[in-house]
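Subject: Handing over a structure

Hi there,

Here is the structure I promised to pass on to you. Have a look at it first, and then read on for what turned up in it.

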Amino acid sequence: MTFSKTKHELPREIYIPFVMSLFEGGGTLMFGVLAQALVAALCYYNTGYVAYLVLGVALIVVGAARFASIRHVSALPVPTTMAEAYKREVVYIIGGSAHGFVLGLLSLCAIYLYHDEFAEVATITVSLGTVTAIPGRNYGSSKMVVILIAAVTLPICLGFFLRGEIQYFLLGILTLPFFLVVRTFAANVRHLLASALKEQQAAQRFDRALNTMTHGLLMLDAHETIVVANAEAVKLFQATSAEKLQGRTFKALLQRGVAAGFLDKRDAKYISQQLTRALHEGRNRKVLIKLIDGRYFELSAREGDDDLSVITFEDVTARIASQEKIRHMARFDSLTGLANRAHFQELVTDALATGDPQRNCAMVVLDLDDFKSINDTLGHPVGDGLIFAFAERLAENVSDEVRISRFGGDEFLLFIDDVEDAEALRTMISQIFASLLEPVDVAGNLMHIQVSAGAVLMPVRETSVDSLIVKADLALYKAKERGKGCWQLFEDSLDRAFRERQKLKSELRGAVSRGELLVLYQPIVDARTLGIASCEALCRWHHPQLGLVPPGVFIPLAEEIGIISEISAFVMKRATADCTELPHDVRVSVNLSAKDFRSREVVDVVRRSLELSGLAPERLEVEVTETAIVDDKSKTWTYLQEIKDIGVQIALDDFGTGYSNLGYLNALPLDKIKVDRSFLADLETNPRSLELLKGVVDLTRRLGLKVTIEGVETENQFRLLVDTVDPDFIQGFLFGTPLTKAGIVAMIEAIRPLTRANKKSAVNQ
Ligand code: C2E
Ligand code: MG
Ligand code: MG
């Protein structure tokens, strides 16, 4: 069933209650019906016409049926659709129309059919009485109103017309405006009630919206007295109802909060001031308050129209907590809970800016030794566990005033304020080191924490956080140089050395392009013939002010600033070219750095240098140290094999100074090892050293590798080596220091005749 606008000119939310209003108050209806039946009975009594009796009974029957239907429908649930409501309206109209029709008949009988003065007066009175009650009882259905008025008044009108007398005819006409007036009256009642209902519904909706808001809301009048309060506001101010808040001033409400113990007195004053200002200035202002129970609320005041202003407040506890968490995460290390780098710097900067500037303060940087290998061998969870255990130990062994930071990775910083003197600092650091002697249990691994540390002590007025950190770092660097597990106090000389290093680094950058590098050659002799078998290319930096800088100084710097491969390529190119000018049986060896093996470029450098110089690959040897082999970032083994495949020889340099893992000897594509000169240090005095060296040489030889012994300086060393150890080659100042190309050419020329003689005697022996 569809409903057009004309059928139901009212919206659903009005139409349904209107229809339901028809089924209210069945009692008054029944009372009216009885009065009408009584009138019918009286007419019968007065006239003796049975028609009145029949109509009286009909009225009671119709009235009883209507009453029963009203009772039945009103007991049903309220309809939810227009269609259901319409059905009920139709039921009502049928009953009402029947009732009106019987009443109309009663009047028609009295006026036209059976003339009787009493009956006329009685029926007209009861009919008009009924008509006046129509709008009040039936405003819910405009159709019912029209039908009823028509059913009751038209028979009266008709009766008058049918009397055929002019005065009755006029009376009949006069009933028509009455009909219209009552109809209009009913329409007005209907309209009035519809708008009242609409307003009521709107108010209910507003109320629901207001009270389901998550924000609290108070509306104040020009005197800051509360006129509206929603449920949240009632809850916050611990009132029982909104009415209890209405009529109070906002200030009084805040005082109530203080009295109830959920608002601090100062906060209440602050809120009052801020909000009053906001309201007066007509600005939207937000105020954050903390309740005594720890909850946070954000209040905002807004001035509205008509001198009304609104204060809303929102529970922002969760937001504040997450902001706090984010702030915490930004300032503290998640593993140890210690201040992170940025926060630590802030804390120290603040500490340095306050207090007596004459006092001393100290910065200590602690670095876990070999942490990388712990991470690599035992895994990151154990690494993390160790960091955590160390942080705990640190915190336990320093006073609460010491600020601790995990500065990154395995590096920790301590800022100690107001340190008496260097002795006091020493005591503190020794205490920390002593506390580390006890092993820690990390995931079932009993581990010793070993650290290196650098410390600096400075008067507050002379320093800054950055300078403290730089100096402590320099001291740490020095401590590590001295060996692991120790600490160093900063001295000015370290600073000087640091500055010089920095200066040297920047100068080194352009050294290759400025042609400041040169290559010297140190002869390596055959231990049996004493002829020059090869020479090692050793680089020098000719510094404009400092003169010749040794590679021990500038090679590590070049590695640090990332230009080592440039230097290696230069030396490789020069050495291969120079070697072509040496006799065919003399080879050249070139040192390569561990960092060279981080890129395949190293293989190309070798190949290109050979191509460019035309040197036979067998005349070139590359020297690598053990550091290159264990550098996990490098693919040393692969690239060495590729270099070897070209036909170049490979020597392991400085053997005995590093890890000295004999396992490498077999696994690597080596041709030769060069035993470091440190082996010769006590060769003459300690027979065990000699035995050790002999053992190493024997083993190496059994693996098919040649042996060079470096650093032979004396005749005595040479004799001892030749007699007992029997190496293949010897290198050392005894046979020549590093020489220029011309120098080495001259030397080879000079000793060639002697060598030939030696070779002959070696063959004859
Ligand atoms: P190395 O490869 O072991 O070279 C031998 C070093 O021992 C040279 O020092 C040499 O002068 C020195 N030496 C030789 N015989 C004796 C001796 O009888 N007594 C003493 N006390 N020393 C002796 P140098 O030239 O200062 O080189 C030091 C290190 O610098 C070299 O050790 C090598 O590792 C590195 N190096 C030199 N040139 C280069 C280069 O072009 N590239 C790379 N990556 N490293 C280089
Ligand atoms: Mg070498
Ligand atoms: Mg060496």
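Accessible areas here come from the Shrake-Rupley method with a 1.4 Å probe, and for residues only the protein chains shown count as cover. By that method the protein chain exposes about 38600 Å², with carbon and sulfur atoms supplying 57% of it.

Please keep in mind that this is a predicted model: local features need pLDDT of at least 70, side-chain atom pairs count only at pLDDT 80 or more, and totals for chains, interfaces and linings use all residues. Residues are numbered from 1 along each chain as its sequence is written, chains are lettered from A and ligands numbered from 1 in the order in which they are written, and side-chain values use heavy atoms, with hydrogens and water left out.

**The chain as a whole**

The protein chain has 27 helices and 21 strands; these are DSSP runs numbered from the N terminus, with helices being H or I of at least four residues and strands E of at least two. Its radius of gyration is 56 Å, while a compact globule of 765 residues would be near 27 Å. That radius is taken over C-alpha atoms, and the globule rule is 2.2 Å times the number of residues to the power 0.38. Along the principal axes, the C-alpha trace spans about 175 × 65 × 50 Å.

Of the 765 residues, 46% count as buried (buried means under 20% relative accessible area, exposed over 50%, partly exposed in between, with a 1.4 Å probe and protein chains only). Among contacts with a separation of 6 or more, 65% are between residues 24 or more positions apart, where contact means heavy atoms within 4.5 Å.

**Two magnesium ions**

The magnesium ion (ligand 2) is coordinated by E536 (OE), N591 (OD1), E623 (OE) and D653 (OD), at 2.0 to 2.2 Å. Donors are N, O and S atoms within 2.8 Å of the metal (3.2 Å for Na, K and Ca), and water is not among the atoms, so sites may look incomplete. In sequence, these donor residues are spaced E-x54-N-x31-E-x29-D. Distant parts of the chain are linked here: E536 belongs to strand β14 (residues 532-543) and N591 to strand β16 (residues 587-591), 55 residues apart. E536 is buried, with a relative accessible area of 3%, whereas N591 counts as partly exposed at 27% relative accessibility.

D654 has a positive phi of about 55° although it is not a glycine. This residue sits in strand β18 and counts as partly exposed at 25% relative accessibility. A443, also not a glycine, has a positive phi of about 45°. A443 lies in the loop between β9 (440-442) and β10 (445-447) and counts as exposed, at 70% relative accessibility.

Enjoy exploring it!

Best wishes
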